[in-house]
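User: Could you walk me through this structure? I'd like to start with what holds the inside together.

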Amino acid sequence: GINAEYGERTRCSKDTLLHIIMEELSLLRWRLTPLMGFVAFGAFYNLDIPGAIGMGDGDTIQSRFIAAHHQHYASSTFSSPSSSLGINETIASSMPTDAAAAADVYSNAMNQQLYSMYYYPDIIVPLFSGVLLDKIIGPRNAVVLFCSLVVVGSFLFAVGVWAVNFPVMVLGRFVCGTASETTMILRCYYVSRFFKRGSDIRGVALAFGLAIATSRIGSLATFPLTVFMANTFGV
């Protein structure tokens with residue numbers, strides 16, 4: 001009798017838990033939670049691009065800068081009237097031939113500077129973005145504005161890599177950094193808005209966890225996806 005009663009209680013408990021889970025998943029707020037995470041997806045994806053394809057041999061930013069350096073010296077040498085003799089020797093002597101010389105073209109310090117320019121605005125912008133979100137433009141316009149800034153910053157960075165223009169790359173990283181932390185604030189704002197109902201905070205912690213996990217897919221995708229695209233289409 002005791003075992004039967006315990007078994008019935010356990011079954012009822014499981015049925016109740018399953019009912020609660022199914023009831024919660026039927027709510028719109030749970031279906032929106034991954035989308036809240038994807039608000040910050042682009043910021044996390046962009047963060048580690050210099051680490052994924054910045055340095056090294058193969059299809060990397062450093063290799064592209066070195067190739068442009070070679071092309072510059074080759075074209076300047078062939079255009080010089082006084083270089084009709086010994087052209088190959090002149091070009092070879094001008095090109096970086098070892099790691100130390102290659103580092104002068106695109107150094108590890110330059111690659112790290114791209115990270116720094118991403119984080120510099122994060123020190124100041126979050127202090128004002130909350131006021132901007134609450135009092136001035138509102139959360140909907142803020143999502144459009146700051147996600148657009150991530151796109152614009154990514155475009156500038158890509159143009160800088162394509163044109164072998166380091167200052168443009170730095171500008172693109174700075175623009176991305178300006179928007180990155182605010183997208184995370186927006187993510188937290190929407191989770192709190194959808195899940196907190198007065199004193200009822202059921203599901204808030206899980207929702208934050210799901211939103212953060214979704215955002216971190218961007219970081220996870222950076223290295224394999226960016227390296228694959230660089231190897232397939234070039235830097």
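This is a predicted model: local features need pLDDT of at least 70, side-chain atom pairs count only at pLDDT 80 or more; totals for chains, interfaces and linings use all residues.

User: How many residues does the largest nonpolar core have?

Analyst: Among the residues with the most contacts inside this core are Ile61, Phe65 and Tyr106. Helices H4, H5, H8, H9, H10 and H11 each supply at least two of its residues. The count for the largest nonpolar core is 19 residues.

User: Which residue touches Pro50, Tyr106, Phe157, Phe166, Met169, Val170 and Arg173?

Analyst: We leave out residues up to four places away in sequence when listing these contacts. The residue we want is also on the list of those with the most contacts inside the largest core.

User: Which helix gives the most to the lining of the largest pocket?

Analyst: That pocket holds about 330 Å³ of space, and 15 residues line it. Five residues come from the top contributor, which is H9.

User: Is Val164 buried, partly exposed or exposed?

Analyst: Val164 sits in the loop between helix H9 and helix H10, and has a positive phi of about 55 degrees although it is not a glycine. Its relative accessible area is 27%. Buried means under 20% and exposed means over 50%, so a residue at 27% counts as partly exposed.

Notes: Residues are numbered from 1 along each chain as its sequence is written. Side-chain values use heavy atoms; hydrogens and water are left out. Helices (H or I, at least four residues) and strands (E, at least two) are DSSP runs, numbered from the N terminus. Buried means under 20% relative accessible area, exposed over 50%, partly exposed in between (1.4 Å probe, protein chains only). A nonpolar core is a set of buried Ala, Val, Leu, Ile, Met, Phe, Trp, Tyr and Cys residues joined through side-chain atoms within 4.5 Å. Contact means heavy atoms within 4.5 Å. On a 1 Å grid over the protein atoms alone, a cavity is a set of points where a 1.4 Å probe fits but cannot get out, and a pocket is an open set with protein on both sides within 12 Å along at least five of seven lines; lining residues have an atom within 4 Å of a point. Grid points are joined across faces, edges and corners, and a volume is the space filled by probe spheres set on the points.
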